[in-house]
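Reader: I'd like a close look at one part here, the bigger picture second. Could you walk me through a sheet in chain B, strand by strand, and then show me what sits around it?

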Amino acid sequence: MLVALGAAALVTFPYWSAPWASRFATTLLRDALILAIFALSLDLLVGRAGMPSLGHAAFFGGGAYAAGIAGQQLATDQLPVTLGAAALVGAVLALVIGVLVVRSEGIFFLMLTLALAQIVFAIAFQWTAVTGGSNGLSGIGRPMLASIDFSSPDLMYVLVAVTFVLAALVVWGLARSPYGRALIGVRENERRMRALGYDTARLRLSAFVIAGTIAGIAGALSAYSTRFVSAQDAGLGNSVRAFVTVLVGGAGTLGGPIVGSAVVSLIERVVPSILPTDLRISEALLGLVFIGFVLFARQGMAGLGRSAWLRVSRR
Amino acid sequence: MIEIRDLRRVFGGVVALDGVTLSLGEGERRAVIGPNGAGKTTLINALAGETTPTGGTIRLGGQDITRLRPWQRARLGLAHVFQRTELFAPLSARDNVALAVAARRGPYRLFRAVPRAEYAEAAAVLERVGLAGREGVAARALSHGERRQLELAVALAQRPHVLLLDEPTAGMSPLETARITELIAGLDRALTILIVEHDMDVVFRLADRVTVLHEGRVIADGTAADVRGDVRVHDVYLGKAVTVA
């Protein structure tokens, strides 16, 4: 009930906040929610299944390009077509990369995901005829759903917020299901899972495809919102950004990636706006925050919140 | 139930299994004994699929399983209690067993809560192995003896046809050992059990037949009474370890 009210308040934010909040607040929240969807999908791998992927931007970028290119090539702005193309490309890329990586572990897994995602980035950067190469893909249209036109900033926000709520519901539903618990089993002891009769390589691959699909959808939302796709969307920087978001928020929790995306967005967008323009420290600040969490709070914001709650409730 | 023919396993230059031939009937309880390095754990690991044999064949219920992966063998009804405990450390005892219960129905059940029946079944198995009241404790917070009990509970929850036990009482107190021995003795007689064990009291309490391994070869194979009387067995193993009446 409380969650439903919160979701409704979130989706309608631009309308009730209009008297006191600026347009900037809606844009900021929109971008934070896109990052949250992206981070939620990565956390299925990092937090639940114990697969620290450094290549998740390949699926985000793939989805962003797919939405943009499908719209331009098919001359359509219908949401089911462009968003469907993004989800499909995210899923297929994740299937291809997943097949190559799911049998490796630890540092090898990390490096393999990084290397394979860099190949996707290189293709995006060099295949100028299709992707626009280093210029990026510009002039992407805002989508339509039947006759609903999402071209106004407020409606674009609503589309992002609704998708975010749906993505969070999907991840929550997966986490509490037998499937979600099996992923945790793979994370904690893959050998035991195999001895119990679980085909763990297939389990990991399925998680990869689900996560890639959701990341592709996040990429499409980014393309609609900014009306632009850059090769950097598929680059290492974007992968690291999602990874930092998950770890700062708290891996393996539903709230963690959401809180993490709020923190990262504030540091990236709000801090530079209150500091002098020649002082560009937001990336350095993000790095420091990340190091702080890795050293002192491995469980992220979610873990800090939980231990604070335990301390209060014990009194 | 199990037919092992001329099984070989070589690690680098070390021959761990040097042509082992062994067969177990359905419902048979077989102990494999032998000094350290005799190849007992290698034999169990080859049966479970953790180790790929260099040569020879393994059949389970007539089917050749020599090249099957561990998870495929588990699906055919093989359960493995590891020598070194393999559990889900931060998960509760109940969740550890529930994952074994759920394995029979497969993991691809999305978007609904874990059925209560699976937890109820897990609790029942935990009670059977003597862990009633410890359901909510994380595996890593259990004592060594309790972890071995939990390891057995996980294997039983798979409802196997064949149970491979690699030193189930290792590191247990005499009291815990006696309890777990009686628990295994009381299991369904239709269950085929292969047990590797150093404690001769446990071996002679549980086993119908005993196989003695030495340097990767079977040097004796017979009823418990036969093996007690075998001179070669005394030379390599029994005489040093225990006094036999």
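Author: In this predicted model, chain B has an open sheet of six strands, in the order S6-S7-S8-S3-S9-S10, with mixed pairing. The edges are taken by S6 (78-81) and S10 (217-223) of chain B; each has a single partner strand, so one side of each is left without a neighbour in the sheet. On average, neighbouring strands are turned by 15 degrees against each other, if you ignore direction.

Let's start with S3 of chain B, residues 29-33. Is this strand enclosed or open to the outside? Five of the five residues of S3(B) are buried, so the strand is largely enclosed by the rest of the structure. As a general rule, side chains in a regular strand alternate between the two faces of the sheet. In S3(B), B:Arg29, B:Ala31 and B:Ile33 point one way, while B:Arg30 and B:Val32 point the other way. Note that the two arginines, B:Arg29 and B:Arg30, are on that buried list as well.

Now for the partners. S3(B) runs parallel to S8(B), and four bridges join the two. Within that pairing, B:Ala31 has B:Ile195 of S8(B) as its bridge partner. S3(B) is also joined to S9(B) by four bridges, again in parallel, and here B:Ile33 stands opposite B:Val212. Further along the order, S7 (residues 162-166) and S8 (residues 192-196) of chain B run parallel and share five bridges. In that pair B:Leu165 stands opposite B:Ile195 of S8(B).

Another is helix H5 (residues 144-157) of chain B, which lies across S6 and S7 and makes about 175 degrees with S6(B).

H1(B), residues 40-48, also takes you to a second sheet in the chain. That one is open too, with four strands in the order S2-S1-S4-S5 of chain B and antiparallel pairing. Its edge strands are S2 (14-24) and S5 (63-64) of chain B, each pairing on one side only. S1 (residues 2-11) of chain B and S2(B) pair over eight bridges in the antiparallel sense, and B:Glu3 has B:Ser23 of S2(B) as its bridge partner. H1(B) packs on this sheet by touching S1, S2 and S4 (55-60) of chain B, with its direction at about 65 degrees to that of S2(B).

Stepping back to the domains, chain B is divided into domain 1 (25-50 + 67-77 + 160-245) and domain 2 (88-159). Their C-alpha centres lie 25 Å apart. Eleven residues of domain 1 are in contact with ten residues of domain 2. On the domain 1 side, helix H6 (residues 174-185) of chain B gives the largest share, four residues. The make-up of that side is seven nonpolar, two polar and two charged residues.

The nonpolar packing goes beyond chain B. Nonpolar side chains in soluble globular proteins tend to be buried together. The largest nonpolar core here has 170 residues, and those touching the most other members are A:Ile37, A:Phe38, A:Ala67, A:Ala211, B:Val97, B:Ala153 and B:Leu164. Helix H3 (residues 23-48) of chain A makes the largest contribution, 14 residues. From chain B, the core draws at least three residues from each of domain 1 and domain 2.

As for where the chains meet, 20 residues of chain A are in contact with 25 residues of chain B. On the chain A side, helices H8 (153-175), H9 (178-188) and H10 (190-196) each give two or more residues, and H9(A) has the largest share with six. That side divides into eight nonpolar, five polar and seven charged residues.

Note on methods:
Residues are numbered from 1 along each chain as its sequence is written. Chains are lettered from A and ligands numbered from 1 in the order in which they are written. This is a predicted model: local features need pLDDT of at least 70, side-chain atom pairs count only at pLDDT 80 or more; totals for chains, interfaces and linings use all residues. Two residues are in contact if their C-beta atoms, placed from the backbone, lie within 7 Å. Ala, Val, Leu, Ile, Met, Phe, Trp, Tyr, Cys and Pro count as nonpolar, Asp, Glu, Lys and Arg as charged, and the others, Gly among them, as polar. A nonpolar core is a set of buried Ala, Val, Leu, Ile, Met, Phe, Trp, Tyr and Cys residues joined through C-beta atoms within 7 Å. A residue is buried if 20 or more other C-beta atoms lie within 10 Å of its own, exposed if 12 or fewer, and partly exposed in between; C-beta atoms are placed from the backbone. Domain bounds come from an automatic or database domain assignment. Two strands pair if DSSP finds at least two bridges between them. Axes are lines fitted to C-alpha atoms, for helices over the stretch in contact, and angles run from 0 to 180 degrees between N-to-C directions.
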